[in-house]
Amino acid sequence: MSDQPQQTERRIQADGIQGQVDELLRRMTPAEKAGQLTQYFYFRLPEGAAPEPALGMDPDAQPRAVEQALGRATVGSLLFVTDPAEINRLQRLALAGNRHGIPALFGFDVIHGLRTIFPVPIAMAASWDVETIEQGQAVAAREARAVGIHWAFAPMVDIARDPRWGRIVEGAGEDPFLGAAVAAAQVRGFQGTDYGQEDRIIAGPKHLAGYGAALGGRDYDEVNLSEYELWNTYFPPFKAAVEAGAGNVMTAYMDLNGVPASASRWLFTEVLRQEWGFGGFVVSDANALRNLVTHGFAADLTDAAARAMAAGVDLEMAIQDPAYAHLPEALQTGAVSQDAVDAGVRRILEAKLRLGLFDNPYVDEDRARQVLADRQHRQVARVAAERSAVLLRNDGNLLPLDPDGLASVAVIGPLADSRRDTLGPWVFDFDLDETVTVLDGIRRKVGDRVRVASAPGIPVVQRVFPSMFDMFGGNRPEDPEGFDAEAEFRRAVGLAEAADVAVVVAGEWQNMIGEAASRSSLALPGGQLELLQAVVGTGTPTVLLVMNGRPLDLRWAAENVPAILDIWYPGTQGGTAVANLLFGEVSPSGKLPFSWPRTVGHVPFIYSHTRSHEPQNQGRRYWDEPSAPLFPFGHGLSYGRFVFSDLTVDRPSVPPEGTITVSVQVTNTGDREAAEVVQLYLHQRHGTASRPVRELNGFQRVTLSPQASKQVQFKIGPEHRRYWSTTERDWVLDTSIFDIWVGGDSTAQLTATFAQDGQSGR
Ligand code: BGC
């Protein structure tokens, strides 16, 4: 009830917005409307950068062409500018060129921070901590809005079950339930309760839909997914993002079941708008509408424009020569309807009005500087990095290290002191000077008490095929001048031998993961395995820190390295967080958001497979290698010790629309305060389809002091038990028995059951 005045005010505002939009629509020409439906990259290459031919643009002509378009009001939105002075300058050009006074909308890939860089998204998901995830994107939104960015092309909510696909790093992993929770938290973080508020920006979940299932894990390649997988696995994070109020959705590059996703009326009109009630605007992925011709789908750009518009794509993101420049022509021939075009323009204008851009188109450049320098933001990033690290192995409790019991540490590996790699991919506005590497973090933590020696040990590794991202400064790694590989290897191993503990940082250079960074192998690149083996061979107790955005082949390490901590690309404050974890100031609490395959031959890999012939041989599906994962989904150790007991359900059976309450007691029997992610898994025994052996259906993070205990409750409502059934071609709640397991990972053994009196349909 207390919300009512606010709601009324919003309605009045909304009515006001509609009136203004109607008026503008009446006055705009078809070319001006097409302009509002066009978004350009503004691509000023960094000083001295060589243009990447794959971008297909002339680096000098491109920004000039965009400025001319602003002057003619044939573009209404820009991306890839982060300097507030530059944004103000471009906004002035936009307003001077637009006789209706319509300001430009600025978007950017604010993926894991703008200036304060957070751990990469897969790491944030590994925290299973929705509050921290929300806070992180709220910081990112504040920094972005301060420089004049109104909209993030994030979160990426694509389910990824094949880690060969480089963009697994941008999402929340393999699971739809975790993916949905993480997606909603990010939308809330970016937008708050309304993106029109101060310090907020529009969230744009992407890429609808199925991009993560690219054939062979090859970026941009086609996807074939059944409706069963789409509804049950790939759509839930999008639906959750829409329900959280996302103002935008982005299309995907590839063909989905034989139709370019960017021209799928089914996706953008039937599913997104009609089924989920999405009221925001849809943007194409970059150049994806021109691609409709590349795909062999549209005959030409006019056809592409007409079909994308009819599908429900409102805004075209383009580098140059957009298809939507042909909309006036398509209107003339009747290939596209005036109503469709007006509906698109309406959604864009609504967003601009809701953001308050007509009243406040410019940003305060001094304030931007202050916001970007906010120390509080760095603290949030440090906590996020601490919570996202996953302790994969800790044999003999090698961790935490006791600084008082150590005289020396050797920090080994080419990633140990690489600022750029510590930040991870998909960042552009970072400050390398303030970035804390693992080596920096350890040095600062132990001060003069412990001798810290360091060596890269091996040369950096280059991609076989360079990426378009390599043209941005510092993205291509380089060896120090005069690097002598053999001597360096010997030196690194010598340092390890002489030290009380060796810390090896190994993984992938950041330009090996992300967009256009798919891989045919999961091996540690370069000589990193040999280096690790040599260090372990010295007999010095060794800790492996994995810097990665995808699971790597750690079979040797999992048997031979006593302690393995996955630190991902931990961001600006990464080294500080890692040192806090290594020396026990905080306990690791992250959990894997994917099943960790043993080898690339395992992929795609999921824990939530169905049961089939010879289930007793599930771990022996290959003759040459166990088919169980190296580490299961949800796995992550702690310096605490958690015991689960007293699992109860509040009633033996539940009607279709009923909710069941599950309780469990969690006790920390260890001697350190630590956080545990309590996970609940569900399994339907029989029904109108075969259901997965278990699926995540609830999780909660709890922090417990030594010997403390807490009762944790989960509600299992119909929305958790309902699924899309292939036999019914509909949503069903089957009559069945359900098994529940609760524990600290997806192999949890504590179990209970309940029955459901079923009913098909919604
Ligand atoms: C990516 C999108 C991104 C866009 C703009 C595309 O290549 O697929 O995820 O938002 O570029 O940078």
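A: Happy to. A salt bridge here is a side-chain nitrogen of Lys or Arg within 4 Å of a carboxyl oxygen of Asp or Glu. Please keep in mind that this is a predicted model.

Let's begin with Arg685 and Asp739, whose side chains meet in a salt bridge at 2.6 Å, N to O. The pair links distant parts of the chain: Arg685 sits in the loop between strand S20 (674-684) and strand S21 (695-704), while Asp739 belongs to strand S25 (residues 736-743), 54 residues apart.

Now for the wider set. In total, the structure holds 43 salt bridges. One of them joins Arg378 to Glu434, with the closest N and O atoms 2.8 Å apart. Arg378 comes from helix H16 (residues 375-388) and Glu434 from the loop between H17 and H18, so this pair ties together parts that are 56 residues apart in sequence. Here both partners, Arg378 and Glu434, are buried.

Glu657 and Arg722 make another salt bridge, with 4.0 Å between the closest N and O atoms. Distant parts of the chain are again linked: Glu657 is in the loop between strand S18 (653-654) and strand S19 (660-668), and Arg722 is in the loop between helix H23 (718-721) and strand S23 (723-725), 65 residues apart. Glu657 has a relative accessible area of 47%, which makes it partly exposed. Arg722 is partly exposed too, at 25%.

Arg354 lies over the face of Tyr195, 4.1 Å from the ring centre. Likewise, Arg694 is placed over the face of Trp741, at 4.0 Å from the centre of the ring.

That brings us to ring-to-ring pairs. Counting rings of Phe, Tyr and Trp whose centres lie within 6.5 Å, there are 31 aromatic pairs. Take Phe80 and Phe108: their ring centres are 5.2 Å apart and their planes meet at 65°, so the pair is edge-to-face. Phe80 lies in the loop between strand S2 (77-79) and helix H4 (84-97), and Phe108 lies in strand S3 (residues 105-108), so the pair ties together parts that are 28 residues apart in sequence. Both Phe80 and Phe108 are buried.

Phe108 has a further partner in Phe428. Those two ring centres are 5.9 Å apart with the planes at 70°, so this pair is edge-to-face. Since Phe108 is in strand S3 and Phe428 is in the loop between helix H17 (419-423) and helix H18 (438-446), the pair ties together parts that are 320 residues apart in sequence. As for burial, Phe108 has a relative accessibility of 2%, so it counts as buried. Ring pairs link Phe80, Phe108 and Phe428 into a cluster with Phe41, Phe43, Trp426, Phe469 and Phe472.

The loop between H17 and H18 has now come up with both Glu434 and Phe428, and H18 itself is worth a look. The buried residues of this helix are Val438, Leu439, Asp440, Gly441, Ile442 and Val446. They pack against strand S12 (408-412), H17, strand S13 (451-455), strand S14 (501-507), strand S15 (542-547) and H22. Just after H18, Gly447 takes a positive phi of about 55°.

Thr599 is found in the loop between helix H22 (574-582) and strand S17 (642-649). With a relative accessible area of 16%, Thr599 is buried. Its side chain reaches the backbone nitrogen of Gly601 at 3.0 Å. Leaving aside neighbours within four places in sequence, Thr599 is in contact with Leu522, Asp553, Arg555 and Glu625.

A polar side-chain atom of Glu515 is 2.8 Å from a ligand oxygen. The side chain of Lys206 places an N or O atom 2.8 Å from an oxygen atom of the ligand, and for the side chain of Tyr253 the distance is 2.9 Å.

Notes
Residues are numbered from 1 along each chain as its sequence is written. This is a predicted model: local features need pLDDT of at least 70, side-chain atom pairs count only at pLDDT 80 or more; totals for chains, interfaces and linings use all residues. Side-chain values use heavy atoms; hydrogens and water are left out. Rings of Phe, Tyr and Trp (its six-membered ring) pair if their centres lie within 6.5 Å; planes under 30 degrees apart count as stacked, over 60 as edge-to-face and the rest as tilted. Helices (H or I, at least four residues) and strands (E, at least two) are DSSP runs, numbered from the N terminus. Buried means under 20% relative accessible area, exposed over 50%, partly exposed in between (1.4 Å probe, protein chains only). A charge sits over a ring if NZ of Lys or CZ of Arg is within 6 Å of the ring centre and within 35 degrees of the ring normal. A polar contact is a pair of N or O atoms within 3.5 Å; within protein, one must be able to donate a hydrogen and the other to accept it, and residues adjacent in sequence count only if both atoms are side-chain atoms. Contact means heavy atoms within 4.5 Å.
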